[in-house]
Amino acid sequence: MKYEPTSSNITKLCKKLDTSKVNNVNIWLFKFIVQLNIFAWNQKLTKYVKDGQPEKAIQLFQRMQQEGVTPNKFTFVPLINACAGLGALEGGRRVHEQLIQSGCESDVFVGSSLVDMYAKCGSIKDAWNVFNKMPLRNVVTWNAMVLGHVKCGQGQKALELFQQMQQEGSDVFVGSSLVDMYTKCGSLEDAQRVFNIMPSRDVVTWSAMILGHVKCGQGQNALKLFRQLQQEGVQPNSVTFVAVLNACASVVALEEGRSVHEQIIQSGCESDVFVGSSLVDMYAKCGSLEDAWRVFHKMPSRDVATWNAILGGCAMHGHGREALKHFEQMCEEGVQPDDITFVCLLSACSHAGLVDEGMRCYAAMVTDYMISAKLEHYTCMVDLLGRAGHLQEAENMVMAIPCKPKVAAWMALLSTCRIHGNVEMAERVAKQILEMEPDNAAGYVLLSNIYAAAGNRHLCENVERQRMEKGVKKQQGRTWIEVNNEVHTFVVGDQDHPQMNEIHGELQRLSGLMHDAGYVPCTKFILHDVEEEEKVSHVHHHSEKLAIALGLINTAPGTPLRIRKNLRVCEDCHTSIKFISKIVGRAIMVRDANRFHHFEDGICSCMDYW
């Protein structure tokens, strides 16, 4: 019988051992204790590596050698992984030399770890030397080689390796692993190439492709993949559903999200806590907080991620006091909040202008729940103070942030400088941002807008000239709208949509009605030195207006419209949509980069505090 060297098994073995029948009991016990000693060292090494403390793992191995403990293959695997985590190529080579001396090099797990270490340390040549000598290779070995080539920018060689794998008897699991690896690296084109040449594709492969597109901001393509999966008769699982719900959330595809919800119910996955939390998140991000609450209350069990999803929904929709109330309920139910919980709470307080409440939440996080503040928490606090006009306090907080880099916090402060028109502080803050990130397009754009709003055309143009000289490109504004279960995308001045003539006609009709109702275009942020009439024409064709016009001409009167904008909604569009909602008698929901705006009867839920 084989016994693992644990303390409980020592006791069991000693009880079973009849010392009268064993001549060399002391020798046997000595060998067993030595084996236990190695096991304990290896366990500790592995724990350090898993906990993200590779330096401590190296130090422990050095102590192990000093105490004369002989390593085995279970020692070398975590040690090699520690070198990989540190990028310690020379240290890894020294471990490799000891491996050769110990005779463990031929082990497939040890060899795979070596290949992975050399690849992660940038030495593809050494990785190939190990790879070619290995008598056996598993999926981990192949993945390590492919990933190494991807990281070194050798995508073509990585694809050749995959084709070689197929020739040597690759199976669907290997292909799925590669697709997953490519998508995690953000290399969708390579993932698609592997996906296309796979002889068969299972639900794991499909799920990896869908989730990869979502993570790379391609929600529409993710939804297309899900439809293709269904056409090919592949049965989605809980991972697939979570991925496609994230895709629906990213492009505000509410109706498609509801369709997916029906499939989830039919599949029996609704009780899965991860699926349930994703449903709550999807409905909240698609503008239907009511549906989010219905799913939330029906869930048989709720974890901290579920509560975070509903609290985040409250924050996005500007329901600050509701978020605080439900946080209390969460604590009463014994669910321990985490750092994300407090990001949601602080964001909720910021959007609702609840400065005192936000300060109390921040203090409670640190003192009552012993959660150390991260950059996200500091950024929320800067936003909370800045929006409320406490700009100096917000700047002081950024200066005091211990973690670096802290560009996100400076950006939050610059955004609030724009709201309050504080040019002097904006110049100071923008300088900090562009020193840390010279290619930060948003920093240039915000400073330009602040100068433009202040009427300083010369400085505005100077900032734009600097941006263009450095080759920094602005992020293009995009708006998505779902009409009849199809998601449409628009950019400013778009001319590509097949219904563009009808869209322009609807905008012209609305423009006249808005003018009669007292609408005055806001053109102060237009950076070009052109006539006022051209400025009005420019804001008239912003992407959110094009999307709304499409929704109006393709849906029945009274139907609510939901749109998604990747940037902050501009002041003119915000004013325009208030007028449009009153004129057409419809609820219009806009989710921009910061929050939800619910427009109805000429009023926005943000009460112009955004």
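Predicted model: local features only at pLDDT ≥ 70, side-chain atom pairs only at ≥ 80, totals over all residues.
**Ground rules.** I numbered residues from 1 along each chain as its sequence is written, and side-chain values use heavy atoms, with hydrogens and water left out.

**Whole chain.** I looked up the secondary structure and found 31 helices and six strands, where helices (H or I, at least four residues) and strands (E, at least two) are DSSP runs numbered from the N terminus. Of the 610 residues, 50% count as buried, that is, under 20% relative accessible area, as against exposed at over 50% and partly exposed in between (1.4 Å probe, protein chains only). The chain exposes about 29500 Å², with carbon and sulfur atoms supplying 51% of that area, computed by the Shrake-Rupley method with a 1.4 Å probe. For contacts (heavy atoms within 4.5 Å), I noted that 63% of those between residues at least 6 apart in sequence join residues at least 24 apart.

**His488.** I located His488 in strand β2, residues 486–491, and it counts as buried because its relative accessibility is 13%. Its side chain makes a polar contact of 3.0 Å with that of His497, the term meaning a pair of N or O atoms within 3.5 Å, where within protein one must be able to donate a hydrogen and the other to accept it, and residues adjacent in sequence count only if both atoms are side-chain atoms. Leaving aside neighbours within four places in sequence, I listed the contacts of His488 as Thr479, Trp480, Ile481, Val483, His497 and Leu550.

**Cysteines.** I searched for disulfides, taken as pairs of cysteine sulfur atoms within 2.5 Å, and the count came to zero. Cys314 is buried at 0% relative accessible area, and its sulfur lies 9.4 Å from the closest cysteine sulfur, in Cys344, which is too far for a bond. Cys349 is likewise buried at 0%, and the closest cysteine sulfur to its own, in Cys361, is 4.6 Å away, again too far for a bond.
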